[in-house]
Protein chains: 4
Amino acid sequence: MIVVMKAGSPEAEISRLTEEFVSWGLTPEKIVGQHKVVIGLVGETVSLDPLQIQEVSSWIEQVLRVEQPFKRASRTYRHGEASEVAVPTPDKTVYFGEHHPIVVVAGPCSVENEDMIIETAERVKAAGAQFLRGGAFKPRTSPYAFQGHGESALGLLAAARHATGLGIITEVMDAADLDAIADVADVIQIGARNMQNFSLLKKVGAQDKPVLLKRGMAATIEDWLMAAEYILAAGNSNVILCERGIRTFDRQFARNTLDLSAIPVLRSLTHLPIMIDPSHGTGRAEYVPAMAMAAIAAGTDSLMIEVHPNPKKALSDGPQSLTPDRFDQLMQELAVIGTPLGRWTKQPAIV
Amino acid sequence: MIVVMKAGSPEAEISRLTEEFVSWGLTPEKIVGQHKVVIGLVGETVSLDPLQIQEVSSWIEQVLRVEQPFKRASRTYRHGEASEVAVPTPDKTVYFGEHHPIVVVAGPCSVENEDMIIETAERVKAAGAQFLRGGAFKPRTSPYAFQGHGESALGLLAAARHATGLGIITEVMDAADLDAIADVADVIQIGARNMQNFSLLKKVGAQDKPVLLKRGMAATIEDWLMAAEYILAAGNSNVILCERGIRTFDRQFARNTLDLSAIPVLRSLTHLPIMIDPSHGTGRAEYVPAMAMAAIAAGTDSLMIEVHPNPKKALSDGPQSLTPDRFDQLMQELAVIGTPLGRWTKQPAIV
Amino acid sequence: MIVVMKAGSPEAEISRLTEEFVSWGLTPEKIVGQHKVVIGLVGETVSLDPLQIQEVSSWIEQVLRVEQPFKRASRTYRHGEASEVAVPTPDKTVYFGEHHPIVVVAGPCSVENEDMIIETAERVKAAGAQFLRGGAFKPRTSPYAFQGHGESALGLLAAARHATGLGIITEVMDAADLDAIADVADVIQIGARNMQNFSLLKKVGAQDKPVLLKRGMAATIEDWLMAAEYILAAGNSNVILCERGIRTFDRQFARNTLDLSAIPVLRSLTHLPIMIDPSHGTGRAEYVPAMAMAAIAAGTDSLMIEVHPNPKKALSDGPQSLTPDRFDQLMQELAVIGTPLGRWTKQPAIV
Amino acid sequence: MIVVMKAGSPEAEISRLTEEFVSWGLTPEKIVGQHKVVIGLVGETVSLDPLQIQEVSSWIEQVLRVEQPFKRASRTYRHGEASEVAVPTPDKTVYFGEHHPIVVVAGPCSVENEDMIIETAERVKAAGAQFLRGGAFKPRTSPYAFQGHGESALGLLAAARHATGLGIITEVMDAADLDAIADVADVIQIGARNMQNFSLLKKVGAQDKPVLLKRGMAATIEDWLMAAEYILAAGNSNVILCERGIRTFDRQFARNTLDLSAIPVLRSLTHLPIMIDPSHGTGRAEYVPAMAMAAIAAGTDSLMIEVHPNPKKALSDGPQSLTPDRFDQLMQELAVIGTPLGRWTKQPAIV
């Protein structure tokens, strides 16, 4: 931690501060510049809050952090190595991580009925997906919009899991539903709007199922890693980070701005596996294939893609869903670059 | 709802669409332009989702909404009249609304101990505040930062309420704490990070205490009013909207960008009372007075200001807190413009 | 300048770096922390670029600036005192600055014809404005939109100046027009879109007329002060800073987000006078009065307001213009708070 | 153009408006909804400004555009076909466009001296680049930073062009330099900060050399296409669009947010060729390879990459430059996906 004093700070104040820092168990080291004095704080500074320090004296101009505020999520926590998240599914154990093939998660925005979810599951499995996504509880901007079928939809997901052997990813919005969701889901999703719902983060951190943590619409990379830190600190080390588009000044064509540079940035900062969701990230089906391709080229570990057997009739988020046929074609396009990059497994033949 | 067809849409497709809309109970009206055909949908369109409509045909270029998506929150719902939120406090009933004097809410970011909360309550009351704010449960970016004293802090707020007669505003982060909070609080706060925690919105909407709904960091005005609509639709009509700074590209000096234009915008769109929080809105105590002044001039109904007896020792958000002395002075400055604007009550003498 | 080394940097590299910095004439001081080494650079560091330093070694993690990058624009350059910009106008010398009454600049977006500009000038003068604004050369998003009447409009501004005694503020878009504009204008405006047109900044810095520098739509406060620094460094010390709304994620109701917190932030950083333009800042006439009031309460030195005798027929930016009648009323509303704040001069009676 | 009237608009006002629109040569068509009346305007509406229309009556709630405001830049202007920009260079004519191999532009941020620019040119040519980039005139945030060597640097670019046969791309900041630049450059660059310098756009539109138009930091896709429209409307049809990162709330790790979704969005809206600049787009060399890969996968027609023989000594933008060795390696990585996508030409052997 570096404390920059205002120009003209009295010597006595600097001495007082130095003593204060010593009393906290730190070793302050003073550098006298041309106009300003700077105090370096040596010792256990990770848990210190720069804003807190700033308040110790009104002569402090700014406090600069030298250490990252996240610890368990940081790449150095694992000595520079990537971690992997292993998820047992009915078919097999699927691994998310930079040394594994890309994992494809596909399915509808929300679970509508048994036929549609089973049909979608079969189609996406045939095309090569390892996980089925589908919302039972849906966060919707309007209270008058379809909110998901709730618990009954969980039953349908269980049926699709049983029928196809795919793993299930579905979102928890309310801690009260967590047990019911954990009974069915192989991975529990925290949605963008709940990324800083710290009560919920603590609760998914205190259970065993892996957690998919979507980035909030206005979350910095640091905010996001701190949210992951909540889950890790609560005891659950299986966290996957999913970029799904941030909110910027231009929302006319693409609904969000998919921040693919998050991939190399996260790779350098954290050991956690990375997923990209180009469906929410762009909000329009016609932009999804280009961005799915780009995500693979940039090095993602996983993709989440919305697929709906009949997007025109979808009860939510239709415009960003691909048809199963378009998804089949996309998987073949993805293989064209995923294969030479060594991140694509030979997909099962489409029956 | 206006449906714009792509240039070159086949006549047969337009007919098919028209029939589809009729089958929904709507009356479609067609306008044939130079390059494009436009279909106006007349009827019950409020609950329709433009994204849904877009999916009915791939020949649809865009769907433009003519009606606002919020209903109970809209000003027209009350025929253009403002609503007021009446809050019984030990001292008196306090009214939030555009035909009432400005209500001042003040207090520390978090409740630290009995002495500090009682002292702060007495000081802010003496300066003219009607409500004490103070966090028992604190949303913190880091899991390693102070998370609030929780239930024991609620007891201290009750003591401060009893000692001073001030109303209490405190935040709920977890529905499990709602009853305990409602026992003490006169107004329940939903924080910025939970603005789209729809489960929580439904629960505060289903109880009786008035709700202070803070704007999310990246929430549009429309998102925010839709969040209020969740509470209103659940049966609680006492909602106050609090602007607390949005996230923009410049975060170097002010931590957030306080969007004061939200005041005239909300005034034209909604009947709900408006509060401004310049403390979180700027993140630095030295900018708070200017922005509190500006909020009054722009027409706010209420102000929320952080005050801490000793900001240097504050366990959270110290740098944005005023000292009680600075708050006394600010209240006198605010009176200078609040009085000629007819929105300031004669304050009790400072003892 | 503070250089933070990556964890695990070799001792030899730190020695090499230290020698490099010494060879630049700097005095490096080393602080050895728990995980990282930090090097403080003492000496003439203002002109150093942190990005440049970062490249000296791949073991450097980050470089933190301790000094502000602007010098002539900084408040410390004038030992904490505000500067004033004195503008001789036909009527009198008008002063912009924090120790002077608020200066009001009003007029149409663009100069349309002699009658309208003279009529507007007379009306805004009668209401108390000291400057007439009006565009001869207009920056328009579309090449097909009205681009201003150019040189002939300058003649009309000169006529309005002569007829009313008001000072003139008009925008330069092309250095080729600078002389012609300087012949007529009392203050030369650099528009938001040209805030980082550094060639133009150097040219207005090399002439004598005062410069009104509008903030770019995505300019940070630091970028903006650096743009001012270009003008100051070129020899022109008469610069006024005008906030006119920044671009954020919400553009549905207000076209831009007027950043009024720029007022206290600038006040602490720079000695230059501050102007607020609520017309462009919100983009809608109905929001202008509230934001003009707020700007005064927050401490602005000047206001720029669009007034058009017949906004419905305006050739540009009609929706954000007030009618002269509404402007008369606004000036009386502004006096209600400007007077007790000691920033309002008794206005001439409206004839 | 769709005019939405406020609820409760008087019938007489709607009639008056209708007559007004007829007098403009338009055919208004009225749709009477449940709460609101909507008027569709049929006829020549492209040059109409929605803001202008809004002013015709205070009973107008909003005006929605149905047609795009750009014409020559739109894909429909070329009946859905892509255009190509053919650039004669000493070696050969290079084509930019979606039916051609990806064109790689590489070189230093600024031209420093003859040795460095010739060496860089030779290295990037050997690696497969077709164009050399290099700044003679540099837009720098600080007036105290290196501003480029100006005209003398143009001579060095000419020498590098002669020595290697590469085409030259360099930036114009001041119309006064345009002729001198056009003498040397094969493509003239308009930088992000001048994207809405409309005077300059008109001037590059009135000369013959192709123009590379970089996206402004806060420019929407629509703003950007309108800027291209200025050049096209002035008579120059050879415009290439270059995305180089937009400004968002997160600037801690990547300096800008590279908006790769611009690729599919532009592809659907315009016929113009697309370039991606991952160097400025991320601001850090270590993120460049991942984003260059992603750009190719998303379908870019061209890449611009900063290469400097000794980034540590670079006079500007060092931290985002690759070394020639890293660039060699990157070109081989790009071929791995460019080749199966059919967008990569066999590169000359690296000597």
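## The contact between chains C and D

In this predicted model, 36 residues of chain C are in contact with 36 residues of chain D. On the chain C side of this contact, the elements that give two or more residues are helix 2 (50–54), helix 6 (198–205) and helix 7 (221–233) of chain C. Helix 7 of chain C gives the most to this side, with five residues. Sorted by class, the residues of chain C that make up the side touching chain D are 17 nonpolar, 10 polar and nine charged.

How are chains C and D related by rotation and shift? Chain C is superposed on chain D by a rotation of 180 degrees with 0.0 Å of shift along its axis, and the RMSD is 0.1 Å. The C-alpha of chain C nearest this axis belongs to A218(C), which lies 2.8 Å from it. Because 100% of the interface residues of chain C are also interface residues in chain D, the two copies meet through the same surface.

## The contact between chains A and D

Chain D also touches chain A, and this contact takes 35 residues from chain A and 35 residues from chain D. On the chain A side, helix 7 (221–233), helix 8 (262–269), helix 10 (288–298) and helix 11 (324–338) of chain A each supply at least two residues. The largest share of that side comes from helix 10 of chain A, which supplies seven residues. By class, the side of chain A that touches chain D holds 23 nonpolar, eight polar and four charged residues.

Chain A can be laid on chain D by a turn of 180 degrees and a shift of 0.0 Å along the axis, with an RMSD of 0.0 Å. The two copies are therefore related as by a two-fold rotation axis. Of the residues of chain A, A294(A) comes closest to the rotation axis, with its C-alpha at 2.0 Å. The same surface serves both copies here, since 100% of the contact residues of chain A recur in chain D.

## Helix 6 of chain D

Is helix 6 of chain D, residues 198–205, mostly covered or mostly uncovered? The helix is mostly covered, for six of its eight residues are buried. The buried residues are F198(D), S199(D), L200(D), L201(D), V204(D) and G205(D). Within chain D, these buried residues of helix 6 pack against strand 10 (187–190), strand 11 (211–214) and helix 7 (221–233).

## The four-stranded sheet of chain B

In chain B, four strands form an open sheet in the order 2-3-1-4, and their pairing is antiparallel. Strand 2 (27–32) and strand 4 (60–64) of chain B are the edge strands, each of which pairs on one side only. From one strand to the next, the twist averages 20 degrees.

Strand 1 of chain B, residues 2–5, pairs with strand 4 of chain B in the antiparallel sense over four bridges. In that pairing V4(B) stands opposite Q62(B) of strand 4, while the bridge partner of V3(B) in strand 4 is V63(B). Strand 1 of chain B is also joined to strand 3 of chain B, by three bridges, and these two strands run antiparallel. In strand 3 of chain B, the bridge partner of V4(B) is V38(B), so that V4(B) has a partner in strand 3 as well as one in strand 4.

## Side chains and the helix across the sheet

In a regular strand the side chains alternate between the two faces of the sheet. Along strand 1 of chain B, I2(B) and V4(B) point one way, V3(B) and M5(B) point the other way, and all are buried. Helix 1 of chain B, residues 11–23, lies across strand 1, strand 2 and strand 3 (37–42) of chain B, and runs at about 10 degrees to strand 3.

## Confidence of the prediction

For the complex, the predictor gives an ipTM of 0.92 and a pTM of 0.94. The mean pLDDT of chain A is 92, and 96% of the residues of chain A reach 70 or more.

Definitions and conventions
Residues are numbered from 1 along each chain as its sequence is written. Chains are lettered from A and ligands numbered from 1 in the order in which they are written. This is a predicted model: local features need pLDDT of at least 70, side-chain atom pairs count only at pLDDT 80 or more; totals for chains, interfaces and linings use all residues. pLDDT is the predictor's confidence in each residue, from 0 to 100. Two residues are in contact if their C-beta atoms, placed from the backbone, lie within 7 Å. Ala, Val, Leu, Ile, Met, Phe, Trp, Tyr, Cys and Pro count as nonpolar, Asp, Glu, Lys and Arg as charged, and the others, Gly among them, as polar. Copies are superposed by least squares on the C-alpha atoms of residues with pLDDT of at least 70 in both. A residue is buried if 20 or more other C-beta atoms lie within 10 Å of its own, exposed if 12 or fewer, and partly exposed in between; C-beta atoms are placed from the backbone. Two strands pair if DSSP finds at least two bridges between them. Axes are lines fitted to C-alpha atoms, for helices over the stretch in contact, and angles run from 0 to 180 degrees between N-to-C directions.
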